[in-house]
Amino acid sequence: MTLRAGWLRNLVILLALWELLGRLHLVASGALPAPSVILLKLWADRADYPPHVLATLEASILGFLVGNAIAIAAGVLFVLSPVALRLARGVNIAIFALPPIAISPVLVLTLSGMTPRVVLAALGCYFTTMTATVLGLTQADARSLDVVRAYGGGRWSMMRLVQLRSALPSMLGGLRIAAPNAVLGAILAEFGGGGRFGLGTYLLGSLGRADPPRLWGIGLTATLIAGLAYAAFAILGNHIAGASRAVTIPAAAPSLPGRHSRLASILLALAAIALPLVLWWLLLKGLGVPEMIARTPAGIIDYLFLADSAGSAQSRLLAALAETLPITLAGLLAGLAFAFMLALLVDVAPALGRSLMPVALVTQTMPLVALTPLLVLLLGRGTAVTLWITISVTFFPSFVTIAQGIMMVPRPALEVPRAYGAGKLKELRLVAIPASLPYLFAALRLAVPRALLGVMIAEWLATGKGLGNLLNQSRGYLDYGMIWTVAVVAVLIAVVFHQVVIFTERRVLPRLGMTTVE
Amino acid sequence: MTLALHRRNFLALGAAAAATVATGRSALAATPLTMQAAWINDAEFTGYFVAMDNGYYAAEGLDLTYLPGGPDVIPEASLVAGKADLALTTPDTTVKAIVEQGAKFKIIGTQYQKNPIGIVSLASKPIKTPQDLVGKTLAVPPVNVISVEAMLKLNKIDKAQVNIVPYAYDPTPLIKGEIDASLDFTTNVPYTIKQAGPEATSFLLYDFGFTIFNDTVVVSEDTLKAKRKELVSWLRASRKGWDENFKDPNAYPPKFADTWFKGTGRTVENEVFFNNAQKPLMEAATGIFSMSDEAIDKNIAALSEVGIKATKDMFDTSLLAEV
């Protein structure tokens, strides 16, 4: 049986099952409509869609162009100047780790019109493309570089003639992942962004219609856009690079070896930490943000520790953190555990893996905001929905990363237990599980920001608890100090979490004779 | 380039000149003014759509930009960010922002004399008074929780006896029986629910002691100083739009089906129902937007129940006097 026929069969079975469940109102008394009902609704609403789709496309495409242009320029700069890369490390990690929903209200307040959507879409593209560019440029063939150098070519000739060309496949791989991220960013900035058109606006407006088929229709449309963007770059990548690459997402900020004295290293690290704060301050001053809205780093310290209302602000923040953090951790660990178990299962039964990959692709491209109201319809508004959203957003990327790790176990390593007569399970225990450890860490780094994003979206839209709700409620009360504080705290938590994982990883893996994977 | 006046241009110029003469006000240099609405384009704002389409603002010399709201738009935030000159707001959040955040706002009028917000439930499991809420699950949007707690307190009900869960303006959980009641616009949501199947019932918070306005017209103190004349013009033109709309509440909503109401995904029948239902909540003896001393006192009293210290000087009735 060919791979394609297998996908098709599974898809047909899935759709038939869905249709049956929907027709019989078996799930949440009709909250899961049959696919045919959703399609009919889409057709009935067809006049509504064009302006919403166009607005989301406009912001996504503009953000995609701006974000990737900056990302590629930054990637080139970082390869040319390792000092610049070390300086930008803080900014890079912050952009990787920040949950977009946390800064969406701040962007909407400080920028106007389509700009917040474009900026959030651009931020979603930056990290993957920048990392892919750096990786691609540094992996250029050394012999080709030597040829250019031997003929008197300078740094720039080497970059232009060899490195940029050889980096193209890697860059296209980055663009492919950036495309759905741009769509997610554009939609997230529509939350609280005002404006009449956009799929996010349509989704929020439709929440009040008691009409599950419409919500599913919007969700699937958003998924389709993100999926098509992904597919377009995948096809382009295959066409140009002539080889398909694995579905991986970079999970660590790139670093290049540099030779600096201890003092220079410390200074560079301090500057890297200071740079995001300096940029933040410069942006506020440059944009001329109204005083009541703008908060500088010092302003947040004042709000949280020195002002008269600091006590109240602290207690509200701590109460929200106490609600958000445990469920983030629980969802993260459960998502990783499921992913790990499924990856092992797939290793034992490879056919299962092939049929699951398309599902993994869909959930990776499905905008999280579109998914959330659908899960709320199915699961209600309790802790369960937060947990499931978190698990579902961390599960598939983790699964893909870990499954690939297990697949890359060298054959000779597997042949040793086999030769000694070990069964499949023993082989897993002795070889595959230990070998997948670096990938488990990579999956964890990748999953941390997604888990926090998932929890905050669920809190904002569904459960009315924790940091997500505090952010939403503070907007209503014009409590700008709290909005900035929550944004900063959410980013700090993600960054600290990320650094803790990296720290642990660097201690644990070398002891086992392994290296980290990007 | 030669100065050739094309015939069509000439005609347009003539028409513009005629219009200027006809209105008696200078339309040559219309003053820009931006308003931030409180919700998506629905019947709640019919009066402004009428005034725009019929040229009432232009006749007052205003070049009005209309910004729609939505579930996630905080109208006051548009004032603070300088995106709008005036906003339609919920008075409890506006006053809270003045008191707690030091926002420099003034309330210069009110669209609703009686807040249309109320408790909506299914007719098959009706909740007709605050007492009926005891032991029930009530969904409330996060920023409105204080209003509900005030209403419960006014009716001597311990808030611990009602299970308050967050509400995202989605009647599905109510229809599915997951919750018993929700806090929403009574002018609108009962009809939306009916269109989805079941009959709904509702009561106003206003009728049980929480006597506040809604869609209060709010400006910053700076705008009030700089654009006083334009604000009076806006009140006058808007009032004219509402008066025209209420001559026959069934007339205008169908006309806006393909313009203002396009893309909201709601039926025109729903907007017609809404427009009829809001009429008694908006009308005032002294005209739309009026704020009588008695009504202002009622607002202050109701808000003090929630611990929000409103004062009389937050309401400025002097512009209405000039209309």
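Colleague: How many salt bridges are counted between chain A and chain B?
Modeller: This is a predicted model, where local features need pLDDT of at least 70, side-chain atom pairs count only at pLDDT 80 or more, and totals for chains, interfaces and linings use all residues. Side-chain values use heavy atoms, leaving out hydrogens and water; residues are numbered from 1 along each chain as its sequence is written, while chains are lettered from A and ligands numbered from 1 in the order in which they are written. A salt bridge is a side-chain nitrogen of Lys or Arg within 4 Å of a carboxyl oxygen of Asp or Glu. Between chain A and chain B the count is zero.

Colleague: How much area do chain A and chain B bury between them?
Modeller: The contact (heavy atoms within 4.5 Å) takes 45 residues from chain A and 40 residues from chain B. Buried area is the accessible area (1.4 Å probe) lost when two parts are put together, summed over both. Carbon and sulfur atoms carry 57% of the area, and the total is about 3,400 Å².

Colleague: How many residue pairs are in polar contact across this interface?
Modeller: A polar contact is a pair of N or O atoms within 3.5 Å; within protein, one must be able to donate a hydrogen and the other to accept it, and residues adjacent in sequence count only if both atoms are side-chain atoms. Across the interface of chain A and chain B, with both pairs at pLDDT 80 or more, the number is two.

Colleague: Which helix gives the most residues to the side of chain A that touches chain B?
Modeller: Helices are DSSP runs of H or I with at least four residues, strands are runs of E with at least two, and both are numbered from the N terminus. H6 (100–110), H10 (199–206), H11 (212–241), H20 (437–463) and H21 (466–476) of chain A each supply at least two residues to that side. With five residues, the one giving the most is H21(A).

Colleague: At what angle do the axes of H19(A) and H20(A) cross?
Modeller: Axes are lines fitted to C-alpha atoms, for helices over the stretch in contact, and angles run from 0 to 180 degrees between N-to-C directions. The axes of H19(A), residues 424–435, and H20(A) come within 4 Å, crossing at roughly 35°.

Colleague: Which residue stands opposite Leu122(B) in E9(B)?
Modeller: E5(B), residues 117–122, pairs with E9(B) in the antiparallel sense over five bridges. Opposite Leu122(B) stands Ala200(B).

Colleague: Which residue of E10(B) stands opposite Leu86(B)?
Modeller: Another open sheet of chain B has five strands in the order E2-E1-E3-E10-E4, with mixed pairing. Within it, E3(B) (residues 86–89) and E10(B) (residues 214–220) run antiparallel and are joined by four bridges. The residue opposite Leu86(B) is Val219(B).

Colleague: How many residues apart are Glu190(A) and Arg117(A)?
Modeller: Over all chains there are 18 salt bridges, one of them joining the side chains of Glu190(A) and Arg117(A) at 3.7 Å, N to O. Glu190(A) lies in the loop between H9 (155–188) and H10 of chain A, and Arg117(A) in H7(A) (residues 115–138), so far as sequence goes a separation of 73 residues.

Key:
Pairing = 2+ DSSP bridges.
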